[in-house]
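Trainee: I would like to learn how to read a few features of a protein model, one at a time. Could we go through them together?

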Amino acid sequence: MKLHSLNTGFFKLDGGAMFGVVPKQLWQRTNPADENNLCTWAMRSLLIEDGNRLILVDTGIGNKQDDKFFSHYHLHGTDSLDGNLKALGFQRSDITDVFLTHMHFDHVGGAVERTEKGLRPAFSQATYWTNERHWQWASMPNAREKASFLADNILPLQESGQLAFIDAPEGQQRVGTPLGFDTFVVNGHTDAQMCPILDYRGEKVVFMADLLPSVGHIPLPYVMGYDTRPLLTLGEKKEILTEAADRGYRLFLEHDPANETCTLELTEKGPRLAYTRTLND
């Protein structure tokens, strides 16, 4: 197996929304805000080469929405999903599987493209993986998350016939997948978000998605205001981060603007940062 970190670009979100009830004087130490209280975040995908499979985990925000939509998120940087695939010698048609941790627009936007013939999956040869509980949650969104679940990102996957479901029974936190790895299933940020657990070079690498957006979110109370069930996130973080610290997991950070991976250590105050590294250090 080979793993590749693919930055699809940077965007900005309100710092207060990203850190919930935590005061700005605390969170700005790790994630300084601009004059509009906006912090920069990465949209970092993971490419997995595993035998005959080339698996892409999350796809970034894409480019098919209109200027008004993108004006809210201040996209910047020169990175792109296609550009980083090309740098590795791949193209979209090489992707065999797209694993979607969840269907918020900054994770699934690049999964669908707009063409002269309408919307279609951006990866023509790929199977798209989610789970049925999250699919139902995303395709019939609640009022709180409606602005994050865009029909243009979701419905074309089903209409194409390329969508497949992983069995993720309610109440089961760790499940297997047909892709050769397990995943944590967590429900605090959104219902049935999936965090892949990979065996890589003698380590466990966990793609943390929005359970742990950045190293600035490691302290347990640092929970995003976007989470639908923040107290549930708190419990999920405590359990999974404690396990990660105890067993030396390397955590892949999708949104941290500077750090690709980190490891944790247990302290009297709970899990804390041990060190950061690039994926292939």
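Mentor: A search of the whole structure finds 0 disulfides, a disulfide being a pair of cysteine sulfur atoms within 2.5 Å. This is a predicted model, in which local features need pLDDT of at least 70 and side-chain atom pairs count only at pLDDT 80 or more, while totals for chains, interfaces and linings use all residues. Residues are numbered from 1 along each chain as its sequence is written, and side-chain values use heavy atoms, leaving out hydrogens and water.

Trainee: Which side chains make polar contacts with Asp106?

Mentor: A polar contact pairs N or O atoms within 3.5 Å, one able to donate a hydrogen and the other to accept it within protein, and residues adjacent in sequence count only if both atoms are side-chain atoms. The side chain of Asp106 makes one of 3.4 Å with that of His107 and one of 3.3 Å with that of His255.

Trainee: Which residues are buried in helix H7?

Mentor: Helices (H or I, at least four residues) and strands (E, at least two) are DSSP runs, numbered from the N terminus. In H7, residues 151-160, the buried ones are Asn153, Ile154, Pro156 and Leu157.

Methods:
Buried means under 20% relative accessible area, exposed over 50%, partly exposed in between (1.4 Å probe, protein chains only).
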